[in-house]
Amino acid sequence: MFHRKQLFRVLMWPALVVLLGSAGYFALFRGEQSFLACLYMTVISLTTVGYGEVVPVTGSVPAVIYTMVLIVFGMGILVYAAGTFTAFIVEGHFSGFIRRKRMQQQIDKMNRHFIVCGLGDTGVRALEELLKNRNEVVAVDLDEERLRNVEEIYREEHGDTSAGKAVFRYVRGDATDDHVLTQAGVQRASGLISVLPSDKDNLFVTMSARMLNSQLRIVTKFSERGIEPKLRRAGADAVVSPNTIGGLRIASEMIRPSAVDFIDKMIRSAQGTVRIEEVPIKEGSSFEGKRISECAFSENYRLMVLAFQKNRGGSMDFNPPGSTPLEAGNVLIVMGDVEDVRRAVQA
């Protein structure tokens with residue numbers, strides 16, 4: 001597979017041969033011939049078009065020998081460059097280059113989006129959930145074939161991008177590279193999920209992302225328990241252990257199967273958009289200064305209020321009474337369709 005730098009180097013060789021060939025003629029005739037004439041002689045020699053000599057090569061043994069060497073070696077380089085460029089076009093690399101360029105331009109316009117680093121089993125599940133919630137997402141992975149497969153699935157499920165729909169874009173590269181994170185728009189992103197196979201890579205991505213964007217919310221995966229405090233010190237806002245979650249799920253299936261069945265049906269409903277979400281109460285919100293009962297979440301937004309949090313990270317008041325006053329900084333945990341949640345958040 002060709003990259004832009006590799007193609008640039010291949011195309012530079014013919015230009016270098018022509019330049020050196022012209023300089024050689026110019027030196028052989030000690031400047032008696034113009035550089036343009038030497039350039040013209042080089043081009044017609046390498047392309048074998050058969051025009052007459054514009055510089056007096058015949059009769060000059062050094063010039064004749066130089067011309068033969070130039071034709072033999074120069075033609076070889078030209079043929080190699082032409083074959084490489086043809087392969088670049090025929091094998092679809094050129095269209096791929098244009099496609100990646102266009103996608104990068106689209107990513108550069110994105111703001112407050114989410115980045116998912118690593119499209120393994122965990123990463124794909126996280127990506128699907130973000131897209132179901134109508135978010136803009138940029139995926140980062142080294143395997144372009146895996147990225148293409150995910151993109152095809154996305155297009156089958158979501159169709160063309162339009163207002164109100166999920167947006168999926170991707171960057172092929174190593175997420176531990178700051179340049180790749182910058183390509184994914186980490187400075188403008190709202191959140192980043194790092195689910196690479198290696199705990200060390202997740203630690204490095206967390207640290208790099210935090211340095212590039214101090215306001216970014218970072219959620220990362222870990223396997224070894226000893227790495228959890230390091231991830232938090234590196235800047236992760238939340239750390240998740242799939243092994244721990246898997247163990248809790250297995251135990252829950254044993255002791256509370258009906259509750260687990262309810263959650264599964266909620267997530268995998270026919271619409272696939274019923275979720276437990278949060279509605280932050282912001283300054284200037286229409287809910288600020290009102291009581292929960294006065295907001296009519298059930299009637300106006302079809303949302304069920306499950307819990308009340310006085311401030312993010314604080315204790316939860318489950319099934320709060322309708323008389324609970326709402327102030328800026330409070331957070332409500334609700335259940336409902338993601339579009340209804342979006343309307344409430346924007347109210």
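Two strands count as paired if DSSP finds at least two bridges between them. The views below show a predicted model.

**View 1. Strands E7 and E10 pair side by side.** E7 and E10 run antiparallel and are joined by seven bridges. Look for Val279, which stands opposite Leu332 in E10. Helix H14 (residues 338-346) lies across both E7 and E10. H14 runs at about 5° to E7.

**View 2. An open sheet of four strands has antiparallel pairing.** Read the strands in the order E7-E10-E8-E9. Strand E7 (274-280) and E9 stand at the edges. Each has a single partner strand, so one side of each is left without a neighbour in the sheet. Neighbouring strands of this sheet are turned by 25° against each other on average, with direction ignored.

**View 3. Strand E8 has partners E10 and E9.** E8 covers residues 304-309, and E10 covers residues 331-337. Five bridges join these antiparallel strands. Here Val305 stands opposite Val334 in E10. Strand E9 (residues 316-318) pairs with E8 over three bridges, again in the antiparallel sense. In that pair, Phe308 stands opposite Asp317 in E9. Now follow the hairpin of E8 and E9. Six residues lie between its strands. Gly313 in this hairpin takes a positive phi near 95°.

**View 4. An open sheet of six strands has parallel pairing.** The order is E3-E2-E1-E4-E5-E6. Strand E3 (167-172) and strand E6 (238-240) stand at the edges. Each pairs with a single strand, so one side of each is left without a neighbour in the sheet. From one strand to the next, the twist averages 15°.

View 5. Strand E1 (residues 114-117) and strand E2 (residues 136-141) run parallel, joined by four bridges. Find Cys117, which stands opposite Val140 in E2.

**View 6. A nonpolar patch lies on the surface.** Its residues are Val61, Val64, Ile65, Met68, Val69, Val72 and Phe73. Together they have about 670 Å² of accessible area. Phe73 lies in helix H3 (residues 61-90). Is Phe73 buried or exposed? Phe73 is exposed, because its relative accessible area is 59% and exposed means over 50%.

Key
Residues numbered from 1 in each chain as written. Predicted model: local features only at pLDDT ≥ 70, side-chain atom pairs only at ≥ 80, totals over all residues. Heavy atoms only, no water. Patch = residues over 30% accessible without salt bridge, like charges linked within 9 Å, V, L, I, M, F, W, Y side chains within 5 Å. Areas by Shrake-Rupley, 256 points an atom, 1.4 Å probe, with all protein chains shown as cover. Salt bridge = Lys/Arg side-chain N within 4 Å of Asp/Glu carboxyl O. Helix = DSSP H or I, 4+ residues; strand = E, 2+ residues; numbered from the N terminus. Buried < 20%, exposed > 50% of the residue type's maximum accessible area, 1.4 Å probe, protein only. Axes fitted to C-alpha atoms, helices over the stretch in contact; angles between N-to-C directions. Contact = heavy atoms within 4.5 Å.
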